[in-house]
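Subject: Structure handover

Hello,

Here is the structure I promised you. Please open it first, then read my notes below.

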Amino acid sequence: MGEPQVRSGWPLYEVFLRGKRGLNHVHVGSLHAADPEMALHHARDLYTRRNEGVSIWVVASTDITASSPDEKDPFFAPSGDKVYRHPTFYEIPDDVPHM
Amino acid sequence: MTKDEFTVYEGLGTDAEDHRWAFGTGFTDPLEGIDTSVPDGVDPDALATYCLMLGDDALVYSHRLQQWITRMPELEEETALANIALDLLGQARLLLARAGRAEGAGRGEDQLAFFRDENEFRNVRLAETVDADFAELTGRLLIFSAWRLALFGQLTGSADPVLAAIAAKGVKELSYHREYAAEWVVRLGDGTALSHAKMRAALEAIWPMVDELFRTDAVIAMLPGVAADPATLRGEVDEVLGTVLAAAGLDRPDRAPMAAVAGQTGREGVHTEAFGYLLAELQSVARAHPGATW
């Protein structure tokens with residue numbers, strides 16, 4: 001067997017999985033891989049071992065633009081008092097799916 | 001895809017699913033509904049031996065792969081390899097159980113795995129050899145899984161329905177193993193000068209054991225329609241290896257096959273020195289605590 005190696009600088013990828021019962025892909029975690037193809041394989045091996053998934057997306061973590069915690073209030077507080085934006089005042093017909 | 005899988009609320013409301021599992025559900029038993037009696041006209045002893053051959057290949061190679069755990073270059077690769085080893089262990093269990101049943105002497109999968117001696121194991125010598133480095137691991141895995149995939153592909157049409165069902169399950173697993181290994185062989189072969197040299201040296205080291213994979217055996221000859229004739233697999237395997245080696249910028253090694261001992265190889269129970277050590281480790285717990293259950 002080879003000598004122990006110093007951990008390489010493989011970039012980080014975020015993994016999104018669509019389960020059998022889900023309509024959309026959900027973030028499940030992250031992993032290291034040399035390129036997107038390898039990331040997809042690693043995602044299969046790390047996150048679908050218990051028969052969870054039917055579809056995988058991977059995206060380089062550096063490609064994600066995230067909102068900053070410092071901007072939390074300007075970003076999210078203004079919607080805090082606008083309960084009327086929730087469509088809770090309607091009856092949903094029985095034959096409307098995915099609601 | 002069924003409607004239940006697609007519609008989130010309908011899926012949640014289904015009671016047919018197994019609720020013991022927190023995450024994935026819908027697990028399947030590959031042998032569900034299959035008649036496990038030995039078909040008429042099939043020699044049960046030959047069938048048992050044939051299942052031992054295929055089961056031992058998987059059991060022994062799975063153990064070799066498990067020995068890599070904690071030695072892989074990345075955590076992610078470790079999980080990948082553990083998954084592969086586990087797939088092969090699953091194949092071994094089904095095949096050894098089938099062998100025990102065909103034999104009819106009351107030996108189960110554990111008895112066959114842990115209480116046979118070295119010369120009773122029927123695996124090919126390619127499966128038992130220690131990998132010198134990571135390149136050898138990927139090269140051997142590529143050759144093993146390309147060969148086994150071709151073999152299982154033929155066995156999906158076997159006259160033994162159990163063997164056909166085991167093969168149908170295995171084909172999906174082995175396709176992934178082959179893809180995983182091929183990707184690494186290309187990555188290393190087409191990588192740096194050092195990785196190329198290591199990959200080439202690995203293939204040189206493995207190549208003498210390739211010929212044995214395609215040897216026809218007297219037992220296999222007794223099972224027409226049930227077993228796959230190894231000689232007929234060579235074309236498919238050569239084609240796959242040719243494609244991968246070309247993409248990796250590697251030449252096919254030109255090495256003489258490893259000699260048989262008095263005409264006998266792994267299939268007849270003649271193994272290399274390293275196999276004894278592997279078997280001692282594999283069987284040590286079961287032999288130290290005979291009859292133990294866990």
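Let me start with helix 3 of chain B: 19 of its 23 residues are buried, so this helix is largely enclosed by the rest of the structure. Buried means that 20 or more other C-beta atoms lie within 10 Å of the residue's own; 12 or fewer makes it exposed, anything in between partly exposed, and C-beta atoms are placed from the backbone. Helices (H or I, at least four residues) and strands (E, at least two) are DSSP runs, numbered from the N terminus.

This is a predicted model: local features need pLDDT of at least 70, side-chain atom pairs count only at pLDDT 80 or more, and totals for chains, interfaces and linings use all residues. Residues are numbered from 1 along each chain as its sequence is written, while chains are lettered from A and ligands numbered from 1 in the order in which they are written.

Back to helix 3 of chain B, residues 44-66. Its end C-alpha atoms are 32 Å apart, which agrees with the 33 Å its 23 residues should span. The expected span is 1.5 Å times one less than the number of residues.

Next, the cores. A nonpolar core is a set of buried Ala, Val, Leu, Ile, Met, Phe, Trp, Tyr and Cys residues joined through C-beta atoms within 7 Å. The largest has 81 residues, and B:Y50, B:C51, B:L95, B:I143, B:W147 and B:V185 touch the most other members. Helix 6 of chain B (residues 134-155) gives this core its largest share, 14 residues. Another core, of 9 residues, lies apart from it; A:V15, A:L17, A:L31 and A:V58 are among its members.

Now the strands of chain A. Two strands pair if DSSP finds at least two bridges between them. Strand 1 (residues 12-19) runs antiparallel to strand 2 (residues 26-32), with 6 bridges. The two form a hairpin with 6 residues between them. A:V15 has A:G29 as its bridge partner, and A:L17 stands opposite A:V26. Strand 1 of chain A also runs antiparallel to strand 3 (residues 53-60), through 7 bridges. There, A:R18 stands opposite A:S55.

Side chains alternate along strand 1 of chain A. A:Y13, A:V15, A:L17 and A:G19 point to one face and are buried.

Best wishes
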